[in-house]
Amino acid sequence: MIVIFNGPPGTGKDEACLFFQKLGYKHLSFKEELFKETFKFFGVSKGWFMKGYNDRSIKETPAPQLKVSGTSLSRRDAMIYVSEKYIKPKFGNDYFGAQLTKHIDKDNNFSVSDGGFIEELVPIINKVGADNIILVQLTREGCDFSSDSRRYFNGNLIEEFVLGRETSVTEEHVLRKKFPIRTYRVHNNGTVKEFHMALNSIHEKENNVKENETKGNAN
C-alpha cells in the first residue's frame with residue numbers, strides 16, 4: 001500500500017510519514033530527486049543546502065551561492081527554478097513521479113510526504129493501480145497553497161477527522177481532475193497525540209479494507 005500525504009507547508013506531512021515509518025512504511029519523497037538536481041545545478045553541497053532548508057528563518061532568504069542571471073534565489077525558489085525551468089522542460093512533467101516509482105516494489109508499504117501534482121501521481125497509479133493507493137489530505141489553520149504550486153488531489157473522500165476545529169479548504173486549491181482513490185482528510189488543529197490517533201485509525205481502516213479484499217478474492 002502507498003499512502004500519499006497531501007497538504008500545504010506546515011500541515012504535518014513529515015510528522016505523518018515519521019509516524020507511518022514506525023508502522024513499517026518506507027518513506028519516499030518526490031522532492032528527493034529535485035534536491036539532488038538542485039545541488040548539482042548550483043554546485044553546492046547537500047550539507048550546506050539542507051542546513052538552511054530545514055531552518056525556516058533561512059529557507060526563504062536569498063543566498064549568493066544560488067544565483068541565476070545575476071539574481072540570488074532562496075533555497076525554496078532555487079528548487080522551483082530547477083524544477084520548472086530545467087528538469088520539466090528537459091525530461092517532462094512526470095519526471096519526479098517516474099523517478100519515485102523506481103523505488104516502489106510490491107513487497108513493501110510506502111508513505112510519500114509531498115504529493116500535489118497530477119503528473120507525479122499518474123506514474124504511481126500506472127505502476128501499482130489506484131486500489132493500492134490512499135490519499136490523506138492534511139489541513140491546518142493558517143496553512144494554505146497560496147505560496148505553493150502544489151494542490152490537493154481530488155479523490156473519493158471517505159472520512160474526515162476534525163482535530164480541534166475544522167479548517168476550510170479553498171476550492172481553487174483542489175485539483176479539478178478526479179481520481180478513483182480512497183481519500184481521508186485530517187483537520188490537524190489539535191495535539192500531536194490526536195494527530196497520531198487519527199493516522200493510526202486511517203492505517204487500521206485501510207488494513208481492514210485489504211483484509212476484506214483478500215478474503216473476497218479467496219472466496
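1. In which sense do strand 3 and strand 4 pair, and over how many bridges? Strand 3 (residues 63-68) and strand 4 (residues 71-73) are antiparallel, with 3 bridges. Two strands pair if DSSP finds at least two bridges between them. Helices (H or I, at least four residues) and strands (E, at least two) are DSSP runs, numbered from the N terminus. A63 sits opposite L73 of strand 4.

2. A word on the model. It is predicted: local features need pLDDT of at least 70 and side-chain atom pairs pLDDT 80 or more, while totals for chains, interfaces and linings use all residues. Residues are numbered from 1 along each chain as its sequence is written, and side-chain values use heavy atoms, leaving out hydrogens and water.

3. Look at the turn. Strands 3 and 4 form a hairpin with 2 residues between them. S69 has a positive phi of about 50°, although S69 is not a glycine. S69 is exposed, at 78% relative accessible area. Here buried means under 20% relative accessible area, exposed over 50%, and partly exposed in between (1.4 Å probe, protein chains only).

4. Now the largest nonpolar core. It has 19 residues, and V3, F5, V136 and V186 touch the most other members. Such a core is a set of buried Ala, Val, Leu, Ile, Met, Phe, Trp, Tyr and Cys residues joined through side-chain atoms within 4.5 Å. Elements supplying at least two residues each include strand 1 (2-6), helix 1 (13-22) and helix 8 (192-218). Leaving aside residues up to four places away in sequence, F5 touches several residues, among them F20, V136 and L199. Contact means heavy atoms within 4.5 Å.

5. G24 follows the helix, with a positive phi near 100°.

6. The whole structure holds 8 salt bridges. Each is a side-chain nitrogen of Lys or Arg within 4 Å of a carboxyl oxygen of Asp or Glu. One of them joins R150 and E120 at 3.0 Å, N to O. R150 lies in the loop between strand 6 and strand 7 and E120 in helix 7, so the pair ties together parts 30 residues apart in sequence.

7. Another salt bridge joins R182 and E206, with the closest N and O atoms 2.7 Å apart. R182 is in strand 8 and E206 in helix 8, so this pair ties together parts 24 residues apart in sequence. R182 is buried at 16% relative accessibility, and E206 is buried at 0%.
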